[in-house]
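User: I am new to this structure. Please walk me through it in short questions and answers.

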Amino acid sequence: MSAEKRVTQQIRTVERLLNEYERERNIPLARFLTAFYKRNRQMGSNDRRVISRLAYHYFRIGTALPVATVAERLAVAEFLCSSESQVVQYLLPDLYRFIQATSDEKLALLEAHTGFRLADVFPLQGLLSAGMDSAVFIKSLFIQPDLFIRIRRGHQREVTAALTDAGVSYRELGEYAVALPNGTRLGHIAGITGKYEVQDYTSQQTAKYVRASAGESWWDACAGAGGKSLLLMDHHPETALLVSDVRGSILRNLDERFDAAGIKSYRKKIIDLTRDTTAVLGNERFDGIILDAPCTGSGTWGRTPEMISSFNKHSIDRFAALQTHIAGNVVKHLKPGKPMVYITCSVFAQENENIVAYLQESHGLHLEAMDLLAGYPYKGDSMFAARLVRG
Ligand SMILES: C[S@@+](CC[C@H](N)C(=O)[O-])C[C@H]1O[C@@H](n2cnc3c(N)ncnc32)[C@H](O)[C@@H]1O
């Protein structure tokens, strides 16, 4: 088959895939693709790899080029997000020779020669948190983030040596943080199970807002699968920890991860933080609370670019209302003079600074530190973290 014919066929497949995905838009693209390939077993692994890349790139340009065909959008997206592409070679032949140019050069060419405009990719830029440059944020969406691990204390040498032996290319970002190419199959590397956690680099940086002292009692109120609790226990193993979440199933994942990390002593409860928490906790008060709140997840859209175009302002309002409700309920379980660490993986001020302002104004908390932890310098996710102390 000629290369041109193969490109035409790939575009047809993406068109069909997008039509089917339109009907199942509530599931993540990654899950949809797994099911799509199960239904299309004739596709070989090379076809699957190309089709997945095209589908992800299609979504990376968000709401730009709204009236363009799938083929036109794919050509622009491939030009922006790839350093080699047959789609660009056949559909944008005049621009193809610039495919290895810098991202800014490619953007300038597209804006001069096509209807593509950077500002159209994501229209709600005015709502970003302070410190998040909107152009830089949008450009970060064109790049597939890396995979990050946090090596558990005392295992740095063993784990990096095993990565080297396995021929994995990695970057060390600090004493414990390592970046790996996305898709690295860590489960296949012998001898490292239980010695590392998969955790984004910015998520690892939230440790500096926690600062617990030996013997203190802490509550991880939205513990999920335990990412922040594992971080806390690695730095402060003497902490008396309560973990809770509204979902019992996710806490079972937490149990497994705690077990693998050798953490045996902790309390666990299912708590819906939108209800009266005293029904479960009575008047118990903690020396510290981590509130890693449910949020839009907009800081992780580099991994889930399908969210960019399906997103609307209503979603921010809904999460901000939930976060206000939850934060107000949680704070009464904090001892005076003690910290609450508020975390989101959102880039929107309404979910970040506005919730901090609510805790200050309505609950008298004193703000010690507040930062937007931008992930794009490291090819990672962005997060927000604040440390507030109860008066
Ligand atoms: C950002 S995730 C937590 C991630 C986790 N801390 C970690 O580091 O792996 C937010 C969590 O809030 C939980 N959640 C959502 N609504 C809740 C509610 N009403 N009450 C308690 N937890 C809730 C979700 O189940 C989810 O696990």
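Analyst: One definition comes before the helix packing: axes are lines fitted to C-alpha atoms, for helices over the stretch in contact, and angles run from 0 to 180 degrees between N-to-C directions. Helices (H or I, at least four residues) are DSSP runs, numbered from the N terminus. This is a predicted model, in which local features need pLDDT of at least 70, side-chain atom pairs count only at pLDDT 80 or more, and totals for chains, interfaces and linings use all residues. Residues are numbered from 1 along each chain as its sequence is written.

User: At what angle do α3 and α4 pack?

Analyst: The axes of α3 and α4 are 8 Å apart. The two helices are roughly perpendicular (65 to 115 degrees). Their packing angle is about 95°.

User: Which residues of α4 make the contact with α3?

Analyst: Two residues are in contact if their C-beta atoms, placed from the backbone, lie within 7 Å. From α3 come Leu 54, His 57, Tyr 58 and Arg 60. By class, this contact has five nonpolar, one polar and three charged residues; Ala, Val, Leu, Ile, Met, Phe, Trp, Tyr, Cys and Pro count as nonpolar, Asp, Glu, Lys and Arg as charged, and the others, Gly among them, as polar. The α4 side is Arg 73, Leu 74, Ala 77, Glu 78 and Cys 81.

User: How are α1 and α4 oriented to each other?

Analyst: Helix α1 and helix α4 (residues 70-81) have axes 10 Å apart. They pack at about 110°. Ile 11, Val 14, Glu 15 and Leu 18 of α1 meet Val 70, Ala 71 and Leu 74 of α4. The two helices are therefore roughly perpendicular.

User: How many residues in the contact of α1 with α3 are charged?

Analyst: Gln 10, Thr 13, Val 14 and Leu 17 in α1 meet Val 50, Ile 51, Leu 54, Ala 55 and Tyr 58 in α3. Seven of the contact residues are nonpolar and two are polar.

User: Which residues come nearest to the ligand?

Analyst: There are 17 residues around the ligand, each with its C-beta atom, placed from the backbone, within 6 Å. This shell divides into eight nonpolar, four polar and five charged. The nearest are Cys 222, Gly 224, Gly 227, Leu 273 and Asp 292.

Terms used. Parallel < 35°, antiparallel > 145°, perpendicular 65-115°, else oblique.
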